[in-house]
Amino acid sequence: MHWTTDRTPPSVEPVVITKTRSPIRSSVGLKAVMAVTGILVVLFLIVHMLGNLKIFTGETSFDHYAHWLRDIGTPLLPHTWYLWIQRAVLTVALVAHIVAATVLARRARAARPVKYAHRKKVQGSYAARTMRWGGVIILLFVIYHILDLTTGHLNPQGDASNPYGNVVADFAPERWYVTLFYTLAIVTVGFHVRHGAFSAFRSLGQQTPQGERRARAAALVLAVALCGGYLVVPFAVLTGLVS
């Protein structure tokens with residue numbers, strides 16, 4: 001009798017090691033980053049706008065408010081540290097917002113690698129088409145704004161003890177180009193906020209036709225209120241209402 005022995009080694013399945021992407025780098029995570037940073041910036045814009053409007057209460061009141069901001073956190077924090085911490089956080093939030101938007105846009109383009117010869121041009125709103133570069137403009141404006149009305153390097157008066165005078169000197173009639181740049185930047189912020197708020201409201205469940213109309217109206221009201229609240233100050237100085 002002849003015995004045969006099957007010595008063929010059992011097949012071994014190759015071990016595939018998959019690299020797990022960090023949750024924050026996923027599309028859902030990046031959208032969450034955009035939402036959180038966007039909310040943070042909008043809340044700051046609202047509070048900052050309300051503070052700016054105190055200029056209509058007079059020089060003494062406005063200067064007192066500005067000096068109070070520099071003393072927040074004292075004596076736990078050194079003088080003006082709170083403001084610089086706040087500026088650093090907002091700058092990081094803006095950069096994170098722009099980076100997340102850029103990565104998501106690139107992924108969206110990569111998901112549609114085939115270009116059609118007769119593809120119709122997508123008609124989107126101005127805000128939707130300019131969200132990415134609008135964020136860059138806002139970041140540059142924030143940097144200019146800090147150098148102008150915070151550090152005083154670009155302000156014609158640059159007196160840290162007289163914030164009211166700095167604002168009046170900054171938007172004086174002969175410096176109309178500063179008011180023009182400020183207006184363009186604020187309008188860009190308004191378009192950005194309108195589109196971002198509308199997208200956020202839709203994400204919260206306003207996806208029916210009636211819900212979308214409500215979301216669009218609420219986003220428009222928020223954007224117009226912010227633009228009006230910020231632009232009323234430079235134009236009040238420009239026209240002599242505040243002097």
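1. The expected span of a helix is 1.5 Å times one less than its number of residues. In this predicted model, α3 contains 30 residues, and the distance from its first C-alpha to its last is 43 Å, close to the 44 Å expected at 1.5 Å a residue.

2. L83, R87, L90, A93, L94, H97, I98, A100, A101, L104 and A105 are the buried residues in question.

3. On the α1 side the contact involves S27, L30, K31, V33, M34, T37, G38, L40, V41 and F44; on the α3 side it involves Q86, V89, L90, A93, L94, A96, H97, A100, A101, V103, L104 and R107. By residue class, the contact of α1 with α3 comprises 15 nonpolar, five polar and two charged residues.

4. Helix α1 also packs against α7, at an angle of about 35° and with the axes 9 Å apart. Here too the crossing is left-handed, α1 passing α7. From α1, the residues V42, F44, L45, I46, H48, M49 and N52 take part, and from α7, L222, A225, L226, G229, Y230 and V233. The contact of α1 with α7 has ten nonpolar residues, three polar and no charged.

5. Leaving aside neighbours within four places in sequence, F44 is in contact with Q86, L90 and Y230. F44 and Q86 stand 42 residues apart in sequence, yet their C-alpha atoms are 9.5 Å apart in space. Is F44 buried or partly exposed? Because its relative accessible area is 26%, F44 counts as partly exposed; the buried class requires a value under 20%.

6. The largest nonpolar core has 30 residues, and those with the most contacts inside it are L45, I55, V167, Y182, I186, Y230 and V242. At least two residues of this core come from each of α1 (27-52), α3 (81-110), α4 (126-150), α5 (163-170), α6 (176-203) and α7 (209-238). The helix that gives the most is α7, with seven residues.

7. Y182 is one of the core residues with the most contacts inside it. Not counting residues up to four places away in sequence, Y182 touches N52, F141, H145, F171, Y230, L231 and P234.

Conventions:
Residues numbered from 1 in each chain as written. Predicted model: local features only at pLDDT ≥ 70, side-chain atom pairs only at ≥ 80, totals over all residues. Heavy atoms only, no water. Core = buried A, V, L, I, M, F, W, Y, C linked by side-chain atoms within 4.5 Å. Buried < 20%, exposed > 50% of the residue type's maximum accessible area, 1.4 Å probe, protein only. Helix = DSSP H or I, 4+ residues; strand = E, 2+ residues; numbered from the N terminus. Contact = heavy atoms within 4.5 Å. Axes fitted to C-alpha atoms, helices over the stretch in contact; angles between N-to-C directions. Left-handed = near helix turned anticlockwise from the far one by under 90°. Nonpolar A, V, L, I, M, F, W, Y, C, P; charged D, E, K, R; others polar.
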